[in-house]
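Please read these points with the sequence and the model side by side.

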Amino acid sequence: CELLVEGGLARERVVLQPYGLPPLAVEPPRATGPLRVGFLGGLAKHKGAHVLVEACAGLAGVELSLHGDSSDRAYVERLRERVAETGA
């Protein structure tokens, strides 16, 4: 905000709109069971869901869920197949 005011914009015209969600209260990790990881969002290549899939595939005790879609049907299908293959 200060940069805009320093640049000449009237302070009363500057409104800060927070981005995202406030942090959630998270319970301490459980000593048993898998670590559950989820991806929620558009499954576009530039968001890197494939990187997450490969990272989770190399870890024991990790359960991955993908939630989202894309117009790139082939990419989404490859992601889902890879998650099923690895059991992540």
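Which residue takes a positive phi just after α3? G87 does, with a phi of about 70°.

1. A word on the basis of this note. The model is predicted, so local features need pLDDT of at least 70 and side-chain atom pairs count only at pLDDT 80 or more, while totals for chains, interfaces and linings use all residues. Residues are numbered from 1 along each chain as its sequence is written, and side-chain values use heavy atoms, with hydrogens and water left out.

2. Helix α3 spans residues 73-86, where helices (H or I, at least four residues) and strands (E, at least two) are DSSP runs numbered from the N terminus. Its 14 residues reach 20 Å from the first C-alpha to the last, close to the 20 Å expected at 1.5 Å a residue; the expected span is 1.5 Å times one less than the number of residues.

3. The buried residues of α3 are Y75, V76, L79 and V83, where buried means under 20% relative accessible area, exposed over 50% and partly exposed in between, with a 1.4 Å probe and protein chains only. Because these residues cover an arc of only 100° around the axis, they lie on the same side of α3; the arc is that of the directions from the helix axis to the C-beta atoms. An α-helix has 3.6 residues a turn, so residues three or four places apart point the same way.

4. The buried residues of α3 pack against α2 (49-57) and β2 (62-67), whereas the face turned away from the buried side carries the exposed residues A84 and E85. A74, also in helix α3, is partly exposed, with a relative accessible area of 43%.

5. In β2, the covered face holds V62, L64 and L66, and the uncovered one holds E63, S65 and H67. In a regular strand the side chains alternate between the two faces of the sheet. Strands β1 and β2 run parallel and are joined by six bridges, and two strands pair if DSSP finds at least two bridges between them. The bridge partner of R36 in β2 is E63.

6. R11 sits in the loop between α1 (2-6) and β1 (35-40), and is partly exposed, with a relative accessible area of 48%. The side chains of R11 and E2 are joined by a polar contact of 3.0 Å, a polar contact being a pair of N or O atoms within 3.5 Å, of which, within protein, one must be able to donate a hydrogen and the other to accept it, and residues adjacent in sequence count only if both atoms are side-chain atoms.

How values were computed:
Contact means heavy atoms within 4.5 Å.
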